[in-house]
Amino acid sequence: MFVFGFVIAGLNFRFEWIMLPNRVSWIATAVFLLSYLLYAEVLRENIYLSRTVEVQQGQKVIDTGLYSIVRHPMYSVTIILFLSMPLVLGSILSFAIFLVYPIIVAKRIRNEEIVLEKGLEGYAEYKKKVKYRIVPFVW
């Protein structure tokens, strides 16, 4: 997805298939930078983040900061990051390709929540307290 999306963005620019206005790229750049700052905040708040879905020894439920708003703020932020990248590059075609990413994240979240509920003490209560997974008032 990533390779294909970036190749299409480059080809879109080279052959001028569908060109977005420059202001779209500038707005997307601001959104990208803001989401990158939020990503850094998520990394600061949760020292247990891992590329693999696992419960680490001594891990505790994080329920403050961004984790008090949604259960998976890292995924929320990466969705914004990845959907803003093709717009920074000015490619609506690449944006359409990157729309696959939220679907991948949704599947990963379902699996991750099963693992966390079984292996992380207090996660079931946290799910009751923080109802939304990645988008407040939506999902």
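Leaving aside neighbours within four places in sequence, E113 is in contact with R71, H72, Y123, K127 and R133, where contact means heavy atoms within 4.5 Å.

First, the basis of the work. This is a predicted model, in which local features need pLDDT of at least 70 and side-chain atom pairs count only at pLDDT 80 or more, while totals for chains, interfaces and linings use all residues. Residues are numbered from 1 along each chain as its sequence is written, and side-chain values use heavy atoms, with hydrogens and water left out.

E113 belongs to helix α5; helices here are DSSP runs of H or I with at least four residues, strands are runs of E with at least two, and both are numbered from the N terminus. With a relative accessibility of 4%, E113 counts as buried. The classes are buried under 20% relative accessible area, exposed over 50%, and partly exposed in between, using a 1.4 Å probe and protein chains only.

Let me turn to the helix pair. Helix α3, residues 73-88, packs with helix α5, residues 100-119, at an angle of about 165°, and their axes are 10 Å apart. Axes are lines fitted to C-alpha atoms, for helices over the stretch in contact, and angles run from 0 to 180 degrees between N-to-C directions. The two helices are therefore roughly antiparallel, the class for angles over 145 degrees; under 35 counts as roughly parallel, 65 to 115 as roughly perpendicular and the rest as oblique.

Which residues in α3 and α5 meet? From α3 come Y75, T78, I79, F82 and L83, and from α5 come Y101, P102, V105, R108, I109 and E112. By class, the residues of this contact are eight nonpolar, one polar and two charged.

Helix α3 also holds S84. S84 is buried, at 3% relative accessible area. A polar atom of the S84 side chain lies 2.9 Å from the backbone oxygen of L81. Beyond neighbours within four places in sequence, S84 is in contact with A28, V31 and F32.

Finally, the start of the chain. M1 lies in the segment before α1, which spans 2-15, and is partly exposed, with 29% relative accessibility. Where does M1 stand relative to I97? The two are 96 residues apart in sequence, and their C-alpha atoms are 6.7 Å apart in space. Not counting residues up to four places away in sequence, M1 touches I97, F98, V100, Y101 and I104.

Key
Ala, Val, Leu, Ile, Met, Phe, Trp, Tyr, Cys and Pro count as nonpolar, Asp, Glu, Lys and Arg as charged, and the others, Gly among them, as polar. A polar contact is a pair of N or O atoms within 3.5 Å; within protein, one must be able to donate a hydrogen and the other to accept it, and residues adjacent in sequence count only if both atoms are side-chain atoms.
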